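Please look over the sequence and the 3D structure shown here, and then read the report that follows alongside them.

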2 protein chains.
Amino acid sequence: MDDPVLLTGASGHVGTAILDELAGDYEWRCLDRDPPTDPDDYPGEFVVANVTDEDAIRDAVEGCGAVVHLAGDPRKTAPWDSVLANNIDGTQNVLSAAIDAGVERVVFASSNHAVKHYETERKPDLYRTHDDFRLDGSELPRPGNLYGVSKASGELLGRYYHDEHDLSFVAVRIGNLTKDHPPKDYERGQAMWLSYRDCAHLFDCCLTADYDYEIVYGISDNDRKYYSLENAKEVLGYEPLDNSADWNEE
Amino acid sequence: MDDPVLLTGASGHVGTAILDELAGDYEWRCLDRDPPTDPDDYPGEFVVANVTDEDAIRDAVEGCGAVVHLAGDPRKTAPWDSVLANNIDGTQNVLSAAIDAGVERVVFASSNHAVKHYETERKPDLYRTHDDFRLDGSELPRPGNLYGVSKASGELLGRYYHDEHDLSFVAVRIGNLTKDHPPKDYERGQAMWLSYRDCAHLFDCCLTADYDYEIVYGISDNDRKYYSLENAKEVLGYEPLDNSADWNEE
């Protein structure tokens, strides 16, 4: 990837994990709705803009070869009006601008909340090692909240822009990202733990592999997992290094 | 169904087909954003309101046992801002109000455009009788336009309200509805033709059958079909009477 990569939501949790490892590997153009506390913490240009601002997004994406689109209201309890504007309309703004600017790939931060209601009849067994139930990305979404609806809608938008405009699009249904140890006393979080370095590596794969339209799960290789990693491994070359079981915490 | 049934988009094409056959079978509460040319054309109360008007929708749904939600921008070329407001936000308004009012079932007019890009590599063969490719509703959407994205997003909202609040929800991916003969010189339209009487019968089934969350295709039993009718027949008891092939038009 020689052209700049636009990173929306650069100051968030996932953006931080990505930049921690990959700051020097791409020509980043960071974007966030809030100005950075210290611009020196970010590589390259920093654009302050909201993804709901169509004109600002069109300017920001100009000249980029790829977009990593993380921006949005990240709260699982976010009210509808916020996810409608920030997550659904925001993603449409980003994708539409990307197509018009000739961007070839978009990596989209989707969420485990897009499929959370698969857990309803199966918990807590599916959080445990002995249970071999797996979601693999081919299943219809079952959002657990309106935030999850908005993320699944972003996947739909990506599907449309892939089919209509040949955009390479991958949706990463991110699990439970933590910087150091996996969540404690939280089986679900341990099942879908994503370590910082696995997160960065996965997004690195998303920026380099060849694919058309993909939905993958973004978790470490946890013994407790109920999300399949096959697609991420086969299509993207993802090779996770971490496993919440290695932390010996139940 | 003893309680009133709210019919949004009552003056549209699908609403007309439903009321043509079923005006006397339910206690309808018709709703449309435009006042009727002649209120006597509609059974029961007629509410003039836009589905984007949250308060008006909350009032309209009060006391209803079911909602048939047809309202929205029906243009396959509708711009994003319109489908975002009228179709996505409008459907959320209807579903949220329905839940709060204790409505037990919502029948949602989805569209063939939610899956149109499955046709891209397969046309025109899949429009022809010899081709046995079938979509059955279990597949991930592949919208053909932003209108299709909005309809697939409505299906997601329905899934959430079903899983979270036990709402019975069926999405009918409506094909090509015409009042008299099937579309002429249009293979795709003949493949997904829905006659007026089959349309009314299908929505009647949706208002009486027992189901949880379903996605069905709304077409007549056309020889040319590439949408499966199995789900509609098995779950809803749909028994279509028409077939575009009977019109002997290629």
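## Terms and model

Contact, or touching, means that heavy atoms lie within 4.5 Å. This is a predicted model, in which local features need pLDDT of at least 70 and side-chain atom pairs count only at pLDDT 80 or more, while totals for chains, interfaces and linings use all residues. Residues are numbered from 1 along each chain as its sequence is written, chains are lettered from A and ligands numbered from 1 in the order in which they are written, and side-chain values use heavy atoms, with hydrogens and water left out.

## Annotated positions in chain A

An unreviewed UniProt entry lists N86(A), S111(A), Y147(A) and K151(A) under "binding site"; such positions are given in the numbering used here, with feature names shortened, and the annotations may be inferred rather than shown by experiment. Y147(A) belongs to helix α4 (residues 146–165) of chain A, and K151(A) lies in helix α4 of chain A as well. Helices (H or I, at least four residues) and strands (E, at least two) are DSSP runs, numbered from the N terminus.

Y147(A) is buried, at 9% relative accessibility, and K151(A) is buried too, at 4%; buried means under 20% relative accessible area, exposed over 50%, and partly exposed in between, using a 1.4 Å probe and protein chains only. Leaving aside neighbours within four places in sequence, Y147(A) is in contact with several residues, including D73(A), R75(A), S111(A) and H113(A). With residues up to four places away again not counted, K151(A) touches N87(A), F108(A), A109(A), S110(A) and S111(A).

Side chains of opposite charge can pair when their charged atoms come close. A salt bridge is a side-chain nitrogen of Lys or Arg within 4 Å of a carboxyl oxygen of Asp or Glu, and by this rule there are 36 salt bridges over all chains.

One of them joins R58(B) and D100(B), with 2.8 Å from N to O. R58(B) lies in helix α2 (residues 54–61) of chain B and D100(B) in helix α3 (residues 80–100) of chain B, so the pair ties together parts that are 42 residues apart in sequence. R58(B) is partly exposed, at 25% relative accessible area, whereas D100(B) is exposed, at 56%.

Another salt bridge pairs D73(B) with R75(B), at 2.6 Å from N to O. Here D73(B) is buried, at 8% relative accessibility, while R75(B) is partly exposed, at 43%.
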